Amino acid sequence: MNLSVKIGKLTMQNPVTVASGTFGYGAEYSRLIDLNLLGAVTVKGIRLNPVRGNTTPRTAEVASGMLNAIGLQGPGVDGFIKKYWPFLKSLKVPTIINIWGTTVEEYAEVARRFDALGGVGALELNVSCPNIKEGGAQFGTDLKLLAQVVAACRKATRLPLITKMSPNVVSIAPFARAAEDAGSDALAITNSYPAMAIDIETRKPKLANVTGGLTGPAIKPIAVKLVWDAARAVKIPIIGMGGIQNADDAIEFLMAGATAVAVGTANFYEPQTPLQVIAGIREFMEREKIRDIRELTGSVQTKK
Amino acid sequence: MLEQTAHIVSNERDTDFYFRIVLHAPQIAPLIQPGQFAHVRVTPLKDALLRRPFSIFQVAGDAFSILYKTVGKGTDALSRMRAGEELSVIAPLGHGFTVPKSGGEIPLLVAGGYGMAAMFLLAQRSPQKGIVFVGGRKRVDILCEKEFAAIGWEVRATTEDGSHGERGLVTQPLLAEIRNPKSEIRNYKLFACGPTPMLKAVAKIAEEASVPAELSMDEHMCCGVGVCLTCVIPVKTGDGWEYQRTCTEGPVFDARQIVWEATK
């Protein structure tokens, strides 16, 4: 049975990684799960310099999900390399580094820095964070800026490039094609949905940032549809994510057209989820006599 | 830090809205240090997915207990669970209190409401006995007073309505003790757990009296293990401040490190 998949030049031993921002820098969860069983570890978004992040409250629980507006708090490239890279480098599985910037030049510079580091599995371009004023979703919701940022990073590195797409567009197809045409090796679909919650007693928003991003099972069907839309528009592989809690959820994404999947919010409440998903996919393949995981990709039957 | 399925040994009402739950968790219980917490998935909650953090109250052999107040749907659902049912627990978590040494500083514990529960292990494991100042709105908010007395601690209670102990805020008898001319020769250290305004007041008292203080911060939490960056508070660094995690660098912080001006 083959569970391994390829994302550009990157080979993953199985199709399951974790969503950026839900898994810290790997080390935090290494005491609860064996990271070497994952397809890849994807770390929280990093820009050139350290970022303090938003004021609190930063998250709020909502029905079947949560809102977050963390503000991409992080150590910057140098801080990450010093503090977290030695551990990640020691893992047997590849690390996907999520990067962002406030200008096209900054994205490219961060890509160059990680290219020079050596040993990085792939770079994921975060052009879809809804919680920062500059950068993030500003790039992912403008076709021209998206193409510029992907092209600049493509010039800056030979590492596999994964573009993490914003769900906040009328149609994802032209954005998917723009990323593909500019040299992206893969797409990550999707990020959180802009959302809001209000405390009716205080009449204040539940987040200090007023609005945030909705994640968790609440968004899963919308994310599955986005993957399906994008898969018909591009030839490059897609990493599907949005509310995956178990293997059945992951298989839906694969059938919709994803080559790999990422577990996100579920890590926060059940850290064993990524490993349960891998085990469940294996069981499904045995039961359905599927020899190669790639047979599942895009296998949804839409014709009557 | 371990994730374990814990069986409920008992789950009974203490007073009013307060409950005591005892969990059988043989791998976790022996590892628990004073001031640490458990991150609990309340299984019957369907669409409320996140775990709930609780300070650990007591440890006995293979089991530990939590003293909680029903404040929302998570704790309401928890209060309806029965002995024999299971919960998923990640624990022990966080950086707890420094246990006082024999012959060292005299510990003064300051607790507000269910903050009292977070201080019991500290009192029990401290070879140096001291005084517990406990405050609450009314009589039912003063918890486990007898248990502290039973392990040799003096308890001074205050209630805002005067229904039990001295009327007023918990900081009044604390200030009186610290300012007592007879206690000048004494070497005190404060340990506090309770609502943020109380912790802020304790930090101010400690600073003015040049007494060290450790505060257990109660922040909204999500993952509990340091990845989501929900529970951050502003903490002094060499040349400014940064957000640090209550679940990992805390919940216990040195009062002098907290940048109160930058808190909401």
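Colleague: Thanks! Where is B:D16 found?

Modeller: B:D16 is found in the loop between strand 1 (2-13) and strand 2 (18-24) of chain B. Helices and strands here are DSSP runs numbered from the N terminus, with at least four residues (H or I) for a helix and at least two (E) for a strand. One thing to keep in mind is that this is a predicted model, where local features need pLDDT of at least 70, side-chain atom pairs count only at pLDDT 80 or more, and totals for chains, interfaces and linings use all residues. Residues are numbered from 1 along each chain as its sequence is written, while chains are lettered from A and ligands numbered from 1 in the order in which they are written.

Colleague: What phi does B:D16 have?

Modeller: Its phi is positive, about 50°, although B:D16 is not a glycine. Most residues other than glycine have a negative phi, and most peptide bonds are trans.

Colleague: Speaking of peptide bonds, is the one from B:A91 to B:P92 cis or trans?

Modeller: That bond is cis, with omega near -15°. B:P92 sits in strand 7 (residues 86-93) of chain B. B:G250 and B:P251 are also joined by a cis peptide bond, with omega about 15°. B:P251 belongs to the loop between strand 15 (240-245) and strand 16 (252-254) of chain B.

Colleague: What is the mean pLDDT of chain B?

Modeller: The mean is 94, and 98% of the residues of chain B reach 70 or more. pLDDT is the predictor's confidence in each residue, from 0 to 100. For the complex, the predictor gives an ipTM of 0.94 and a pTM of 0.95.

Colleague: Changing topic: which domains is chain B divided into?

Modeller: Chain B has domain 1 (2-93), domain 2 (97-214) and domain 3 (217-264), with bounds that come from an automatic or database domain assignment. The centres of domain 1 and domain 2 of chain B, taken over C-alpha atoms, are 25 Å apart. Their contact takes 14 residues from domain 1 of chain B and 12 residues from domain 2 of chain B. Two residues are in contact if their C-beta atoms, placed from the backbone, lie within 7 Å.

Colleague: Which element gives the most to the side of domain 1 that touches domain 2 in chain B?

Modeller: Strand 6 (residues 63-69) of chain B does, with 3 residues. By class, that side of domain 1 of chain B has 7 nonpolar, 4 polar and 3 charged residues. In this scheme Ala, Val, Leu, Ile, Met, Phe, Trp, Tyr, Cys and Pro count as nonpolar, Asp, Glu, Lys and Arg as charged, and the others, Gly among them, as polar.

Colleague: Now the helices in chain A. At what angle do helix 5 and helix 6 of chain A cross?

Modeller: The axes of helix 5 (residues 143-156) and helix 6 (residues 173-181) of chain A cross at roughly 25° and come within 8 Å. So helix 5 of chain A is roughly parallel to helix 6 of chain A, a label for angles under 35 degrees, with over 145 roughly antiparallel, 65 to 115 roughly perpendicular and the rest oblique. Axes are lines fitted to C-alpha atoms, for helices over the stretch in contact, and angles run from 0 to 180 degrees between N-to-C directions.

Colleague: Which residues make the contact between helix 5 and helix 6 of chain A?

Modeller: Helix 5 of chain A brings A:L143, A:L146, A:A147 and A:V150, and helix 6 of chain A brings A:P174, A:F175, A:A178 and A:A179. By class, this contact of helix 5 with helix 6 of chain A has 8 nonpolar, no polar and no charged residues.

Colleague: What about helix 7 and helix 8 of chain A, at what angle do they pack?

Modeller: Helix 7 (residues 220-231) and helix 8 (residues 247-256) of chain A pack at about 25°, with their axes 8 Å apart. Among the residues that meet there are A:W228 in helix 7 of chain A and A:F253 in helix 8 of chain A.
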